[in-house]
Amino acid sequence: MDKLIKTIASSGSFRAYVLDSTETVRTAQKKHHTLSSSTVALGRTLIANQILAANQKGSAKVTVKVIGNSSFGHIISVADTAGQVKGYIQNPGVDIKKTATGEVLVGPFMGQGQFISIIDYGTGHPYTSATPLISGEIGEDFAYYLTESEQTPSAVGLNVLLDQDDKVEVAGGFMLQVLPDAKEEEIARFEKRIQNMPAISSLLERDNPTQALIEAIYGEDDYKVLSEEKLSFICDCSRQRFEAALGTLPKEELQAMKDEDQGAEITCQFCGTIYQFTQTDLEDIINDKA
């Protein structure tokens, strides 16, 4: 079961979130049939959005857009404060690895662009913020967004490891943030610890990856667990929602679909579910508009 654990240093100077998002990213890979590089890029974006949504209060919905100008195109994700996330990558077929090491490449295929977040608290006035991509690796871009846009110095680690068949083996990450009362010596100690952390890939491969991440972040410093929350890839699409969307089209377009296409087929971008609407279905929608 995927989970996010929220912790805070006993001193009150730092907070850290650690995540095991393995099933989330596995589900995304299965639904979108992503190849290696696209799987890792989409997975990192989903994990970043899970962190960002967990950082909100109430029942906010957070949209993350990683807009690049290279092979991946755009990566779009939507998450809520209940731990549910969905998302897709514009080009699921990028599959590039370093020849010598087999390392999956991401940054060069994201290219230049923006990391955008849209936070909707349901008030009708969503809050939008954007920062430039600094590496295209997504983790560094997310950390830069948090530091620049939210004015909260942050360290972030995100990764997705694939097995020899390029299927998701493990996925997860962490976010560490400095809180206002942190003393300089504390900040220096945590900075040194983060710099000397084992590779996040090695921590994710441990038997208990979330505990391994917590221990690597806090070392000998005391901390408290604030909460443990479930995470999952869930799409809220439905036939009724797409039927309502068809109902917003002009009657002429609907009639053309009915007469020329003998129906309509709509695929949800976020989860790949296909919805079929027959000529009779379209006739009913047309009649409802009369």
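Guide: Start with a pair across two strands: Ser77 stands opposite Gly87 in β5. This is a predicted model, in which local features need pLDDT of at least 70, side-chain atom pairs count only at pLDDT 80 or more, and totals for chains, interfaces and linings use all residues. Residues are numbered from 1 along each chain as its sequence is written, and side-chain values use heavy atoms, without hydrogens and water.

Visitor: How many bridges join β4 to β5?

Guide: Strands (E, at least two residues) and helices (H or I, at least four) are DSSP runs, numbered from the N terminus. Two strands pair if DSSP finds at least two bridges between them. Here five bridges join β4 (residues 74-80) to β5 (residues 84-89), and the two run antiparallel.

Visitor: Which strands are the edge strands of the open sheet?

Guide: The sheet has six strands in the order β7-β6-β3-β4-β5-β11, with mixed pairing. At its edges are β7 (127-132) and β11 (232-233), each pairing on one side only.

Visitor: Which residues of helix α9 are buried?

Guide: Buried means under 20% relative accessible area, exposed over 50%, and partly exposed in between (1.4 Å probe, protein chains only). In α9 (residues 251-260), Leu254, Met257 and Lys258 are buried. Seen down the axis, the buried residues of α9 fall within an arc of 95°, so they line one face of the helix; the arc is that of the directions from the helix axis to the C-beta atoms. Glu252 and Glu260, on the other side of α9, are exposed.
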